[in-house]
Amino acid sequence: MSSTPTPLQPPRPPLPQPTSWSVGRYKVAPYKPDDEDPRGVLWVWEEPRRSETYVVSVDPTVGRPQWSREFRTEADQSTDNAAIEVFRAGRAGRPDAQVAEFAAPIDAVDIAPLVATIGHMYAGSQEDGQALLIGEMTGPGAITQRELYDKFEYHNLWQWTKWGTSVPQRTSQFWWYSSRSANKDLWIRGSHHIHNRRVEIRSPWLVEEMADIVADIWLLIGEARYGRHDDRVLSTLFNLWALHDWSVREDLEPLPRAEASNAPEWQRSACSYDDMLTEWNDKVAAILDSDD
């Protein structure tokens with residue numbers, strides 16, 4: 001079977017190769033990794049543009065205090081990563097796109113300045129110079145949020161919204177509150193968006209995590225197989241939810257446009273059922289005669 005693409009299915013252009021950066025407190029600098037370990041490096045597929053809209057997301061973790069690439073150990077590989085994802089909102093027919101990623105087994109305190117730096121870097125069209133930021137509040141995320149708000153004065157935080165009623169309600173709380181019901185909706189909505197190719201995933205490490213995710217029929221959320229990670233996936237799902245604000249509106253697919261037709265609109269006429277069948281049979285007969 002030939003693998004040569006047909007004119008109707010042109011080959012996709014190759015994904016842009018990421019550049020690597022080291023990131024510290026409000027400082028980002030080019031960096032060349034010394035091995036194939038992607039952790040502790042800011043991978044950038046698109047540099048920020050002022051005209052675009054970005055969302056930054058973080059999945060904090062307990063991690064290891066003062067972790068760095070210079071002092072890694074073999075045991076680090078089994079430690080959950082704190083994962084930061086940056087996505088650009090699609091517009092004018094373009095899908096959403098992953099533009100940057102950072103993941104490392106850093107604890108909930110040490111990740112805060114990195115999140116703040118990346119959030120300022122990808123402020124885009126936000127007038128306050130801060131990208132919209134979402135993270136998981138449940139667990140160690142409360143510490144990260146407090147650090148960001150108090151120490152780094154990062155205030156552009158996604159508001160938790162109660163949905164499921166006719167009128168969704170904004171609350172005074174920020175970020176994502178995980179629960180069986182909320183994470184089920186997060187998983188279903190994000191998976192639907194990804195499978196319908198409405199977002200361009202560029203990180204091979206995120207793709208690898210997605211391949212490891214299995215559905216947990218008891219918790220109704222996604223989780224990684226034993227010994228694997230799901231931090232990038234969760235951060236991505238938070239990001240897409242905030243990017244489209246699915247709490248307050250449905251992500252409606254465009255309806256097909258009505259095409260002009262000479263067919264009779266039976267619902268607009270006073271035609272009886274018997275008359276409708278007669279007209280329909282006459283129309284079919286005319287079509288068959290024309291084919292002869």
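Arg 69 is buried, with a relative accessible area of 7% (buried means under 20%, exposed over 50% and partly exposed in between, with a 1.4 Å probe and protein chains only). The model is predicted: local features need pLDDT of at least 70, side-chain atom pairs count only at pLDDT 80 or more, and totals for chains, interfaces and linings use all residues. Residues are numbered from 1 along each chain as its sequence is written, and side-chain values use heavy atoms, with hydrogens and water left out.

Arg 69 forms a salt bridge with Asp 35 (a side-chain nitrogen of Lys or Arg within 4 Å of a carboxyl oxygen of Asp or Glu). The closest N and O atoms are 3.1 Å apart. Arg 69 lies in the loop between β4 and β5, and Asp 35 in the loop between β2 and β3, so the pair ties together parts that are 34 residues apart in sequence. Strands here are DSSP runs of E of at least two residues, and helices are runs of H or I of at least four, both numbered from the N terminus. Asp 35 is partly exposed, at 36% relative accessible area.

A salt bridge also joins Arg 72 to Asp 34, at 3.5 Å from N to O. Arg 72 sits in the loop between β4 (54–59) and β5 (82–88), and Asp 34 in the loop between β2 (27–30) and β3 (42–44), so this pair ties together parts 38 residues apart in sequence. Arg 72 is partly exposed, with a relative accessible area of 24%. Asp 34 is exposed, at 58%.

Asp 76 and Arg 64 meet in a salt bridge at 3.1 Å, N to O. Both residues lie in the loop between β4 and β5, and the pair ties together parts twelve residues apart in sequence. Asp 76 is buried, at 2% relative accessible area. Arg 64 is partly exposed, at 30%. Shared partners also link salt bridges into one network of Glu 46, Arg 49, Glu 52, Arg 88, Arg 91, Arg 94, Glu 200 and Arg 202. The whole structure holds 18 salt bridges.

Helix packing was examined next. The axes of α4 (residues 204–212) and α5 (residues 231–244) come within 8 Å and cross at roughly 100°. Axes are lines fitted to C-alpha atoms, for helices over the stretch in contact, and angles run from 0 to 180 degrees between N-to-C directions. Helix α4 is thus roughly perpendicular to α5 (65 to 115 degrees). Trp 205, Leu 206, Glu 209 and Met 210 in α4 meet Asp 231, Arg 232, Val 233 and Thr 236 in α5 (contact means heavy atoms within 4.5 Å).

Notes
Angles under 35 degrees count as roughly parallel, over 145 as roughly antiparallel, 65 to 115 as roughly perpendicular and the rest as oblique.
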